Amino acid sequence: MTFESVVPCPRCGLPPGDTPPGVSRMTNEPLPPLWICTDCCADEADTDTYGDPPWPPTEWAHPPLGWT
Ligand SMILES: [Zn+2]
């Protein structure tokens, strides 16, 4: 099994590649945590650092169930 067989990142819609996924900072209790790719985790961290508004999961490439 390769990483290519894993479902795409719900945030950017790209395959996760060789990097491990991480948990998004976006939460909507009691929904389960959102797993996104490493690039998206870094992007969320940058957004947080610069004080920009987060990219809401409802506007992601594949909006997660329960958020729409
Ligand atoms: Zn991503």
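The protein averages a pLDDT of 88, and 91% of the residues score at least 70. The structure described here is a predicted model. Among the elements of the protein, the mean pLDDT is lowest in E1, at 93, and highest in H1, at 95.

| Element | Residues | Mean pLDDT |
|---|---|---|
| Strand E1 | 22-23 | 93 |
| Helix H1 | 38-50 | 95 |

**Helix H1.** Helix H1 comprises 13 residues, 38-50. From its first C-alpha to its last it reaches 19 Å, close to the 18 Å expected at 1.5 Å a residue.

**The nonpolar core.** Six residues form the largest nonpolar core: Cys-9, Leu-34, Ile-36, Cys-37, Cys-40 and Cys-41. When neighbours within four places in sequence are left aside, the contacts of Cys-41 are Gly-22 and Ile-36.

**The loop between E1 and E2.** Pro-30 is located in the loop that runs between E1 and strand E2 (35-36). The peptide bond joining Glu-29 and Pro-30 is cis, with omega of about 5 degrees.

**The segment before E1.** Another proline, Pro-20, lies in the segment that precedes strand E1 (22-23). Pro-20 counts as exposed because it has 11 C-beta neighbours inside 10 Å, and a residue is exposed if that number is 12 or fewer.

Notes. Residues are numbered from 1 along each chain as its sequence is written. This is a predicted model: local features need pLDDT of at least 70, side-chain atom pairs count only at pLDDT 80 or more; totals for chains, interfaces and linings use all residues. Helices (H or I, at least four residues) and strands (E, at least two) are DSSP runs, numbered from the N terminus. A residue is buried if 20 or more other C-beta atoms lie within 10 Å of its own, exposed if 12 or fewer, and partly exposed in between; C-beta atoms are placed from the backbone. The expected span of a helix is 1.5 Å times one less than its number of residues. pLDDT is the predictor's confidence in each residue, from 0 to 100. A nonpolar core is a set of buried Ala, Val, Leu, Ile, Met, Phe, Trp, Tyr and Cys residues joined through C-beta atoms within 7 Å. Two residues are in contact if their C-beta atoms, placed from the backbone, lie within 7 Å.
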